[in-house]
Amino acid sequence: MIEGVDGSGVDDVFSICRETIETGYTKDNNEQTTTRADDNWSRSYFSAVIKLTIPRINMAEWALPVSLTLGVVIPILIYITLSVVFFLKPSLIHKRIKKYGFNQRHLSHRGGGGEKLEGTMSAFINAVNCGTDILEMDVRLTSDDVVVVFHDETLQRCCGVPDAVIDTRYEDLPPLKPPLDLYYRKGHKTYGDDTRILTLREVFQRFSDVPVMLEVKGTQEQLVRKVSDMIVEFDRTDRTIWGSENKSTSTLMYKQNADIPIFFSYKGGLLMLLWFYTGLLPFIRLRETFLVAPMPSVELDPENGFDLGGFGRFKVWLTDKLFMRSSLFGHLSRRGINTFLFVLNKDSEYKRAFHQLKATGVITDFPTSLSAYLRSAPLTDTQTSGPADSLLKTDTHTTEPTNDL
């Protein structure tokens with residue numbers, strides 16, 4: 001008995017054999033001749049066995065899996081493979097942004113508002129004397145079109161006057177009114193005698209060789225044009241970084257002067273993060289050359305004085321987990337896009353930024369503290385200039401940071 005075929009199956013086999021042999025014929029001179037040959041018996045026999053023992057394939061059942069494999073699965077696998085390859089080796093499809101001729105580890109937030117009154121000449125001089133690499137500052141326009149170094153939209157916090165800067169003539173700007181609070185170190189107060197609000201021109205004249213990073217506040221086209229013209233006038237395109245948290249202003253700045261290095265706007269940063277998580281980032285051409293981002297975890301430190309509820313702490317924690325990705329910063333670095341994290345004022349924060357997240361630089365309110373950390377914990381050679389290619393608790397009346405920084 002044939003294996004896998006019962007008795008009735010054997011009869012079926014021989015029936016098929018008989019029909020096959022009896023109907024076999026060849027045509028010769030238009031006359032039908034029935035031929036029997038020994039090899040016909042064997043071929044017919046095995047053909048019958050195969051027909052009975054092997055299930056018939058229903059092509060309709062295989063059409064959908066095959067089409068899904070060819071039309072969906074394989075393209076997805078190709079996409080994932082290319083995304084990973086270009087994420088790790090972006091130089092295959094992107095030209096690396098040139099390196100800059102200055103260090104970018106140490107950035108002084110508004111000149112270092114934790115040690116001297118923010119945005120003043122005294123603050124900038126102190127930061128430079130501490131060895132800062134870049135002076136960070138905000139610029140606005142007065143009613144008489146003077147570009148001034150000032151962060152807030154109104155004069156209330158720093159000067160005790162409710163007027164808006166844009167509605168005030170430069171000569172009518174009041175002096176700063178110390179002490180001034182720090183946002184990223186609640187309870188710390190900074191005192192000082194230098195209370196005059198500076199113009200951007202004064203900063204460029206005094207610190208002609210010192211790199212600066214400007215955040216343009218406001219959406220006025222006149223402000224963007226004036227700042228751009230001043231950068232060109234002082235021939236400092238190669239040592240000035242600018243940008244705005246406003247997307248439309250950032251676009252206007254890029255159109256005004258694409259030669260000035262620019263950092264991501266707030267919306268631009270969120271869009272870049274979306275590209276990162278969908279795998280599209282390696283394929284996107286980026287016009288920005290710097291990422292300036294907060295490190296949310298500083299708000300979870302009780303010493304920094306942020307009063308967050310349970311849900312507030314969860315939001316900060318989740319934001320930190322989503323955005324603070326060393327793999328993201330590493331990819332940007334390999335494309336020549338440097339990452340600066342703000343505002344960090346403690347050794348533990350510096351350590352996380354530099355050694356865990358692989359950030360290029362840190363923005364601080366305490367330039368003396370950051371300088372001391374960099375001397376005691378030197379970075380790798382790839383982090384000392386340009387991007388990394390590896391992947392006060394109470395009311396303080398001193399302008400120096402305390403030892404518990």
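Phe-340 in this predicted model touches, beyond residues up to four places away in sequence, Gln-104, Leu-107, Ile-134, Met-213, Ile-241, Phe-290, Leu-291, Val-292, Ala-293, Thr-360, Gly-361 and Ile-363, where contact means heavy atoms within 4.5 Å. Residues are numbered from 1 along each chain as its sequence is written, and side-chain values use heavy atoms, with hydrogens and water left out. Local features need pLDDT of at least 70 and side-chain atom pairs count only at pLDDT 80 or more, whereas totals for chains, interfaces and linings use all residues.

**Nonpolar cores**

- Met-213, Phe-340 and Leu-341 touch the most other members of the largest nonpolar core, which has 43 residues; such a core is a set of buried Ala, Val, Leu, Ile, Met, Phe, Trp, Tyr and Cys residues joined through side-chain atoms within 4.5 Å.
- Among the elements that each supply at least two residues of this core are helix 9 (266-278), helix 11 (326-334), strand 11 (338-342) and helix 12 (347-356), while strand 10 gives the largest share, 4 residues.
- A second, separate core of 27 residues includes Ala-127, Val-139, Leu-198 and Met-230.

- Thr-364 lies in strand 12, strands being DSSP runs of E with at least two residues and helices runs of H or I with at least four, numbered from the N terminus.
- Because its relative accessible area is 0%, Thr-364 counts as buried, a class that means under 20%, with exposed over 50% and partly exposed in between (1.4 Å probe, protein chains only).
- A polar atom of the Thr-364 side chain lies 2.8 Å from the backbone oxygen of Leu-344, and a polar contact of 3.0 Å joins the side chains of Thr-364 and Asn-345; a polar contact is a pair of N or O atoms within 3.5 Å, where within protein one must be able to donate a hydrogen and the other to accept it, and residues adjacent in sequence count only if both atoms are side-chain atoms.
- Leaving aside neighbours within four places in sequence, Thr-364 is also in contact with residues including His-106, Ser-108, Tyr-350 and Leu-370.

**Helix 13**

- Pro-367, Ser-369, Leu-370, Ser-371, Tyr-373 and Leu-374 are buried in helix 13, and the buried residues of this helix pack against strand 3, helix 4 (121-129), helix 12 and strand 12.

**Phe-102**

- Phe-102 sits in the loop between helix 3 (59-88) and strand 3 (106-109), and it counts as buried because its relative accessibility is 12%.
- Although Phe-102 and Arg-239 are 137 residues apart in sequence, their C-alpha atoms are 7.7 Å apart in space.
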